[in-house]
Structure formats: C-alpha cells, structure tokens
Number of protein chains: 2
Amino acid sequence: MALVLYELAGSDPDLRFSPHCWKVRMALAHKGLNADRQPWRFTEKEAIAFSGQGKVPVLVDSDETVTDSWRIAEYLDMRFPETSALFPGTGVAELAHFVNAWTDTTLLPLTVRIILLDIYDCLDAKDRDYFRRSREERFGKSLEAVAADGAPNIAALQTALTPLRQILKKRPYLSGDAPAYADYCIFGLFMWVRCSSPVRLLEPDDPIFLWRDRLLDAFGGLARSATCRETEGPTS
Amino acid sequence: MALVLYELAGSDPDLRFSPHCWKVRMALAHKGLNADRQPWRFTEKEAIAFSGQGKVPVLVDSDETVTDSWRIAEYLDMRFPETSALFPGTGVAELAHFVNAWTDTTLLPLTVRIILLDIYDCLDAKDRDYFRRSREERFGKSLEAVAADGAPNIAALQTALTPLRQILKKRPYLSGDAPAYADYCIFGLFMWVRCSSPVRLLEPDDPIFLWRDRLLDAFGGLARSATCRETEGPTS
C-alpha cells in the first residue's frame, strides 16, 4: 500500500521548501520507502482537514494518518522496523528530539528572518495574502522590513551553529559515521534555505557546508536534484 | 585501586564549582564509583603537570591519566562496562557529544558573563590576579563592567535554553525517564552557577528548575549537599 505525503509547495508545484517536510522526505529515503508526494499550499486547509489539523507534513498510510514531522519519524521506525533505523539505539530518539527542538526553537527563528521575503516570492499566488498577513502580524513589521534587517540575523545564526560546527569537525555526521534522524532535522532547515532562497549562508570550507554537501549527495542525490533557488557554485 | 579526581576549588577547599568537574562528579556517581577528590587551584599548574596539560578535571586511575571531561566520560564507560552506562545505546554518545558542545559553546559563554564577578569572589587569594588578568583580557573589560551588563545576558540565556525547556516539558530528563551523561553535561553548568553565585536564573515553575531539582536530589542528594553560595528557598 503506497504512502501518501502532503508537502508544502510553491507556485512551482515541484518547489517543496518546508523544513519539516524535508525532515520526512529524508527519513523516508533513509528507510528506503517511497511516498506519493502531494503538493499542498498554506491556504488549502480543506485538503488536509481529514488529518484533524491544518499543517503539513501529513503522512497517510492506509487507514493511519500521522501529522507532525517528529511523530512521523517515530511512526516510521515503529511501522517499518525491518528497514534502516532513524533512531538506531536505546536513548537515541530522546537526544535526537533535543536536536529537533534546538533546530526548531533556536535555528529556525533566526533563519526565517533571513529568507522571509524569498519564501514569499516562492509562494503560489493564492497563498501570498495569507502569508504576508500572518507573518507581518507575527513579526510586527512588513516582510520587507524584516528582510532589511538580514545581516545581524546571519551573524546570529552563525554563532548559534557553533556546537554543530564543532562536532562536524570531528566526524562526517552528527550521528556518527552515517547520518540518522538527528542529521535530517538540521538538514531540513538547510533545504528550506536552499529551496526558497539564493542566499548562501555557509563558506565552502565550513564543516557544516561539507556535511550539507554529503547529505545533498545521499540517496542518489535526492536533495541535490530537488528544484531549488540556490545556484550551485563550482565547489558545491 | 582508588580513582583520584582533581577538581577546581575556591578559597573554601570544599567549594568545587567547575562545570566540567561537576560533569565528571555526576558521571562517577551514575556509575557508582568513588574518587579521592583533590582540590586544585588555577595557579597550581605544577600539581597536574604530570597530565601533560594545565586544566581540570584530571582523572587518575592507577597508571592511566585522563583529561577533559568528555574523554573522562568515554573512558569511564569503557573502563567500567559492568556499571550503569553513561551512553546507554548505540549512537547515544554521538548525540550527547552535541549536547556537551551546545552547553559549552552556547550556554557557557552567556552564563560566564552573569557570574564572572561571583566566581572571582569565590577564588583562593592566590588565583585572583591570574583570573582577573586572563578574564579581563578575554572580555576586553573589567570583571565589574562585565557583571554590570548582566541583565541582557540572563535574557539571552533564557532564550538559548528554549529547546531544553521544550523537551523537559515532555519528560523528566533529557535522556528519558532516567538521567544519563547528556543531562550531566548541562547540569554541570547549573552547578557552576549554584556553587559560585547567589543568582537565581530559574523560576520554580520552570521545567528546567524541576529537572535541576531532581538532579540535585539524585545519588542521595550528592549535588544538593555540596557547598554552594545559592541559598535555598522554600520551593527548592
């Protein structure tokens, strides 16, 4: 029975830029699973009303509907125990949960301020009013004013990334010699940036850049070949 | 054969306030191990010269000398595999290493600015000149000027603690139902504050306060009974 994954899409239906949907996409690839990836827009609440809430990712597995990227990852390891584990040992899920929380509560609020206007530019026409209104209310200023404050946010993000950089100086992946869900949590954020924005946050000699490169190449270049707005330089 | 642990001490030799030494102290307790805890001051470089470097913690186990709290934790799990594991499952050490890096590179630089002058007040007379000179050079201002800037650092620390707070709303310890080394990494930082300073960083209803309380009570109240400058309120 095929899995169905609802993913946030832009005006180009192939542009799938949600960080949380990317976590799930990498998790599915890690487990060798395919899903029918359905494009979804912010304002298409009725299309996922069956899930009892209004956000993606939503994973449908026959009679089961699972929402929230973290719960989907836990579900996948429970439902498909014979495939490669996202949480390979006892106690790994607990600490990966912290990495997920760090990504979402420390990195994401800094990153969104850098790419907010770029995200707006990607959106389907029908999502634009909703997005501008909800985000301008959240930030208390126009999208353009948030974007104009970008430089200090890039510096703050670089500082916040320090512990990840320190670990990636020592080994290829946060999870060790091979990636696992903790890596995908953070990588999803970088795919959000790559898909929605031409901004370059990382220098090519940054251990985080090199880690990102390895994950772009993982699973047959799944992430590298995805529709995106980042233009690749000679080193990428 | 008894283990020997060199720990940073204040003018009161029972005041042991180093965050990194507290990581090791909790790790030893977790494994049910005792150590002969030797007080050491910043300027007593000759006393640990045998370790090939000039910082504590230093653990001596017969012919073996291990430095750096992270390497000591790894050593303890390898050397005493029959005792309770600090890294209980495959892949846990890798993610705990990230938690340690997050503590040391994100939380610690914010925290030290809050308690810097309090630490100075704890020091043995012979350490004071060294500490003032080295820290004033690092911060580019007097200890008193760093302390005067405390309030924004407390706010920044509260924000940085957000992912930990989010996880501790869900379960009693970062590592799950029981604490493990990832918890001790962060708890060491809170013991640094508790031992050296009367400042209160956490409100009694904060999930982090409640987690800290549980760890203060762990191992027969080992940490709660330690000499400290925090005065306990009715809720602590």
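**The meeting of chains A and B**

Between chain B and chain A there are six residue pairs in polar contact, both residues of each at pLDDT 80 or more, where a polar contact is a pair of N or O atoms within 3.5 Å, one of which, within protein, must be able to donate a hydrogen and the other to accept it, residues adjacent in sequence counting only if both atoms are side-chain atoms. This is a predicted model, in which local features need pLDDT of at least 70 and side-chain atom pairs count only at pLDDT 80 or more, while totals for chains, interfaces and linings use all residues. Residues are numbered from 1 along each chain as its sequence is written, chains are lettered from A in the order in which they are written, and side-chain values use heavy atoms, with hydrogens and water left out.

On the side of chain B that touches chain A, the elements that give two or more residues are helix H3 (92–122) and helix H7 (162–168) of chain B, helices being DSSP runs of H or I with at least four residues and strands runs of E with at least two, numbered from the N terminus. H3(B) supplies the largest share of that side, 11 residues. By class, the side comprises 13 nonpolar, 10 polar and three charged residues, with Ala, Val, Leu, Ile, Met, Phe, Trp, Tyr, Cys and Pro taken as nonpolar, Asp, Glu, Lys and Arg as charged, and the others, Gly among them, as polar.

The two chains bury about 2,200 Å² between them, 75% of it on carbon and sulfur atoms; this is the accessible area (1.4 Å probe) lost on putting the two parts together, summed over both. In chain B, the residues that lose the most area to chain A are Leu95(B), Phe98(B) and Pro163(B), together 30% of what that side buries.

Across the interface the rule finds zero salt bridges, a salt bridge being a side-chain nitrogen of Lys or Arg within 4 Å of a carboxyl oxygen of Asp or Glu. Over all chains, however, the structure holds 30 salt bridges. Within chain A, the side chains of Asp104(A) and Lys23(A) meet in a salt bridge (3.0 Å, N to O). Because Asp104(A) lies in helix H3 (residues 92–122) and Lys23(A) in helix H1 (residues 19–30) of chain A, this pair ties together parts that are 81 residues apart in sequence.
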